[in-house]
Amino acid sequence: YVVAEGVVNAASYRAGISPGSLATIFGVNLAAGKTATARFPWPETLAGVAVTLNGKPAPLIYVSDPQINLLVPASLAEGTADLVVSTALGISSTVRIPVAGVSPGIFFDPTTNLGAVRVAGDFVEIYATGLGPVRADGGLYQTELSPQVFIGGMTAGEVTYSGLAPGWLGVYQVNARVPAGVPSGTQTLWLTIGGQRSNEVRVRLQ
C-alpha cells in the first residue's frame with residue numbers, strides 16, 4: 001500500500017521526484033515480507049519486488065515492507081507519473097505523483113542533521129540528489145543547470161564542479177569554495193538549482 005505523499009526525495013524526504021534522482025517510497029506491505037539490499041549496478045527486480053514509473057522499470061537499491069529505495073529513470077518526462085509496485089503477493093494500485101525537472105536534496109544524518117559534506121581546506125564536497133539532467137564532459141557527467149551554494153547564509157564564491165559523483169547514478173557531487181568571512185564551527189548549508197531550494201543541513205567548518 002502506497003500513497004503519493006509517501007513517494008519522496010531520498011535525501012531530503014520531501015515529496016516529489018525528478019528524473020535521474022534517488023527516491024524513497026514509504027508504505028505498508030511493499031515487499032511481501034522480504035528485505036534486501038542490492039549492490040550497484042542496481043537491478044530492476046529485487047527480492048521479487050519491481051517498481052514501474054509510467055511503465056518504465058526503476059532500478060532498486062533497497063526493499064522492505066515499509067520502505068523502497070530506487071533510482072528514478074533519467075528518461076522519465078516531467079509532469080506526472082503513474083507508479084506501481086509489484087510483489088509476489090500482487091500489484092499495488094496506481095499512484096500518480098508529480099515529476100519535476102529538479103528536486104534538490106542533500107543527504108544528511110537525521111540524528112545529528114550533519115550533511116553528507118566533506119570539508120577539504122577552503123572547499124566543501126556536497127553529496128545530493130535531484131539536481132537534474134547531466135551531460136558528458138570527458139569522463140564526468142556535469143549538470144546542465146548550475147547550482148548556487150549557501151554556507152552560513154553567505155553565497156559560496158565559486159562552484160568548481162556539479163555533476164554525478166564519479167562511478168554513480170542518482171548521487172550528485174557539488175564542489176564549492178567556502179565563502180570568505182564564514183566563521184569556523186557548525187554552519188547551515190543549502191543549495192539552489194533551477195529555482196528550487198534544497199533542504200538545509202549542518203556542516204562543521206575547520
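Student: Which residue in E6 does Thr37 stand opposite?
Tutor: This is a predicted model, in which local features need pLDDT of at least 70 and side-chain atom pairs count only at pLDDT 80 or more, while totals for chains, interfaces and linings use all residues. Residues are numbered from 1 along each chain as its sequence is written, and side-chain values use heavy atoms, with hydrogens and water left out. E3 pairs with strand E6 (residues 60–63) in the antiparallel sense over 2 bridges, where strands are DSSP runs (E, at least two residues) numbered from the N terminus and two strands pair if DSSP finds at least two bridges between them. Within E6, the residue opposite Thr37 is Tyr62.

Student: Why is one side of E1 and of E3 left without a neighbour in the sheet?
Tutor: The open sheet consists of 5 strands in the order E1-E2-E7-E6-E3, with antiparallel pairing. Strand E1 (2–9) and strand E3 (36–37) stand at its edges, so one side of each has no neighbour in the sheet, because each has a single partner strand.

Student: In E7, what is the bridge partner of Phe26?
Tutor: E1 is joined to E2 by 4 bridges and the two run antiparallel, with Val8 standing opposite Thr24 in E2. E2 also pairs with E7 in the antiparallel sense, over 5 bridges. In E7, the partner that bridges to Phe26 is Gln67.

Student: How many residues has the largest nonpolar core?
Tutor: A nonpolar core is a set of buried Ala, Val, Leu, Ile, Met, Phe, Trp, Tyr and Cys residues joined through side-chain atoms within 4.5 Å, buried meaning under 20% relative accessible area with a 1.4 Å probe and protein chains only. Among the residues with the most contacts inside the largest core are Ile17, Leu53 and Leu83, and the elements that give two or more residues to this core include E1, E6 and strand E8 (79–87). Apart from it lies another core, of 23 residues, among them Ile126 and Val174. The count for the largest core is 33 residues.

Student: Which residue of the E12 and E13 hairpin takes a positive phi?
Tutor: Strand E12 (residues 117–120) has a covered face of Val117 and Val119 and an uncovered one of Arg118 and Ala120. E12 is joined by 4 bridges to strand E13 (residues 123–129), the two running antiparallel, and Val117 stands opposite Ile126 in E13. The hairpin has 2 residues between its strands, and the residue with a positive phi, near 65 degrees, is Gly121.

Conventions: Buried means under 20% relative accessible area, exposed over 50%, partly exposed in between (1.4 Å probe, protein chains only).
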